[in-house]
Amino acid sequence: MKRAASFGWLVTLSMAALALRTAALEVRFAAYVPDRTFPQFTKYFHEGWGVTDDLGQPRQYTAAANRGAVLRVVVRNETSRPVTVRRVLLDDVDLSRQLAPRHREHGGIKAASFHLNDAETTPPDTRNRLQAMGSPIWWQVRPNPVAPGASAEATVRLRRLPNVKQLRLTVETVSGAAQTTVLSMQAPARLRVALISFNTALDRMFVLLRGVAGSDFSVRRVTVDGAPVSPAAPPGEIHTAEMGVLPLELPLPRAFEPGSFHCVRVETADAGVAMEVVHVRRPFFSLGMWGYRNEGYTLEDMVTDCCRTFERFLFNTHMGMAGRHSGFLRSPQGLELLRRFGLRYMARAPKPETVRSPQLYARFLLDEPDCRDYAVKALPYNLRVGAYAQALVERQKQWTRADPVTPTLLNVDMTFKPENWLVYGRLPDIFALDPYYQNRLRETYFSHPRLLLQFAQPTVILGVCEVARFACEPRPLHVILNSTSYRKDKQRFRFGTPEEKAVEFHYALACGAKGISYWWFTPYGTYTGCGVLEPAAVAMLKEMAHLNAEARALAPLLGRAAP
């Protein structure tokens, strides 16, 4: 009898332990978000690279580009201890195994693609299943580990729209506890958080909501970290969208810590739900310049001259790519010099002297990964973009763990467009792109004169930024504009005119940019930067100073505003 009773207690304890394991993370939200299409901007996206039609004739890469999707699941830690997510599974296929960075190396990271795996890692039936599920490119969980009572977002980027009606996404912890949710491909998300920003004190959150296809809606309930929050509004105001857009101002019960993660959830009267996990950063509208020049006798003289010039033209951020200057800038002496000139700096990997430094703007994950993807020649052209994404997820995880306060920035170029921006948009804290208008003009004049009418105005900036903003929402967008003159052999092309810079700058603002910078200042080499003492460069710099003055006058508003 005693043995039976003991056995009964053992079964009860085992069931309780199992319940604790399976309840460690609770799914609070799931969404299937297919890419938008941008037919009005397709004319600006031109590439070839051997892409052919069924008859073997060349065609633009845009015609072969894929419309993909994002899978999003928000989970909450219901235990009293931190919980670490070990892996994410898609219909029981382990993405940590299938998308492990183990292939062609570049800059300290390796490419990942289940198409490159051997047959033992990815048997034919697994490959076929992954392709039917939309060919996942990368996945991440942020934050990870998940603090008690906190939320985290699991994200999976798909290259194509799935060929199945539903997908099961499982989040599994290191203890083996797992939570599975089913996402329907017939029910895409109807509500979207398009922007999250904060005031300087970090005790007020600004949220912009967008309905699908401009549909109107009314907000019924808002919570932050599970606690109800009442939006600030004049007495009697009803929180109803107009033309599918609704801004909310949310007073917070306490000020958030920079670098912390928090979760906002919005419910509408018609049962719509939007939910986002945000990495908190103080509002800052970056006005930056890349590069350097070597004016002076010592390295310190050169760095001082460069920072003084940036200050003179009203920049507030030194974006890096500074050659020998970089080591000095991230030293205690260099950080003090930046503070003296009112400049922030974009560093790279965390170093003891830069961790949590208030002088840092961001950490640069990698420059132009889509260009690196092009070099993964073991993959067909239409499967290359995103090859280095999973390795960048791992790099971001390490850097955020070492320095949670400083956001990461990833700059994506003009390779495999527009798919490149859609693939990488949600990966970093700050998404950057470099749609250099003068480069497009030069290519048009020298190689594609038939396209001259399309690039006679800088409207390409508007088109590219619109795609990139959709891709990264609600994360901030940083736009890099061109400030160089091309000089190689007999081919030369001018600096941008002041009028062009003004139009480009305001197009970036119109698309919701939260930072604008210029590449670059360095007055040497094929791409001669605006630091050269030539009339055209000086005229362009003066216009940049004028634009910077305008932006700095409105910086607090621009830091939290939306187009």
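# A guided tour of the model

Start by selecting Arg 192, Arg 210, Glu 466, Arg 469 and Glu 473: salt bridges link them in a network. A salt bridge here is a side-chain nitrogen of Lys or Arg within 4 Å of a carboxyl oxygen of Asp or Glu. Side chains of opposite charge can pair when their charged atoms come close. Searching the whole structure gives 30 salt bridges.

Before moving on, a word about what is on your screen. This is a predicted model, in which local features need pLDDT of at least 70 and side-chain atom pairs count only at pLDDT 80 or more, while totals for chains, interfaces and linings use all residues. Residues are numbered from 1 along each chain as its sequence is written, and side-chain values use heavy atoms, with hydrogens and water left out.

Select Asp 35 and Arg 157, whose side chains form a salt bridge at 2.7 Å, N to O. Asp 35 sits in the loop between β1 (25–34) and α2 (61–64) and Arg 157 in strand β8 (residues 151–158), so this pair ties together parts that are 122 residues apart in sequence. Helices (H or I, at least four residues) and strands (E, at least two) are DSSP runs, numbered from the N terminus. Are Asp 35 and Arg 157 buried or exposed? Both Asp 35 and Arg 157 are buried; buried means under 20% relative accessible area, exposed over 50%, and partly exposed in between, with a 1.4 Å probe and protein chains only.

Now pick Arg 87 and Glu 172, a salt bridge whose closest N and O atoms are 3.0 Å apart. This pair links distant parts of the chain, with Arg 87 in strand β3 (residues 85–90) and Glu 172 in strand β9 (residues 166–173), 85 residues apart. Arg 87 is partly exposed, at 23% relative accessible area, whereas Glu 172 is buried, at 10%.

Next, go to Arg 204 and Glu 249, which meet in a salt bridge of 2.8 Å, N to O. Here strand β12 (residues 204–211) holds Arg 204 and strand β15 (residues 245–251) holds Glu 249, 45 residues apart.

**Stop two: an open sheet**

Go back to β3 and β9 and show their neighbours as well. Which order do the strands take in this open sheet? The order is β4-β3-β9-β10, 4 strands with antiparallel pairing. Two strands pair if DSSP finds at least two bridges between them. At the edges are β4 (93–94) and β10 (178–184), each with a single partner strand, so one side of each has no neighbour in the sheet. Between β9 and β10 there are 7 bridges, and Thr 170 has Thr 180 in β10 as its bridge partner.

**Stop three: a barrel**

Colour β18-β19-β20-β21-β22-β23-β24-β27 in that order, and you have 8 strands that close into a barrel with parallel pairing. Zoom in on strand β22 (residues 408–412) and strand β23 (residues 430–433), joined by 4 bridges. Leu 409 is opposite Ile 430 in β23.

**Last stop: helices**

Select helix α9 (residues 389–402), which has 14 residues. Its buried residues include Leu 392, Val 393 and Trp 399.

Finish with helix α12 (residues 459–472) and helix α13 (residues 498–510), whose axes come within 9 Å and cross at roughly 25 degrees. Axes are lines fitted to C-alpha atoms, for helices over the stretch in contact, and angles run from 0 to 180 degrees between N-to-C directions. The two helices α12 and α13 are therefore roughly parallel to each other; angles under 35 degrees count as roughly parallel, over 145 as roughly antiparallel, 65 to 115 as roughly perpendicular and the rest as oblique.

Key. The expected span of a helix is 1.5 Å times one less than its number of residues.
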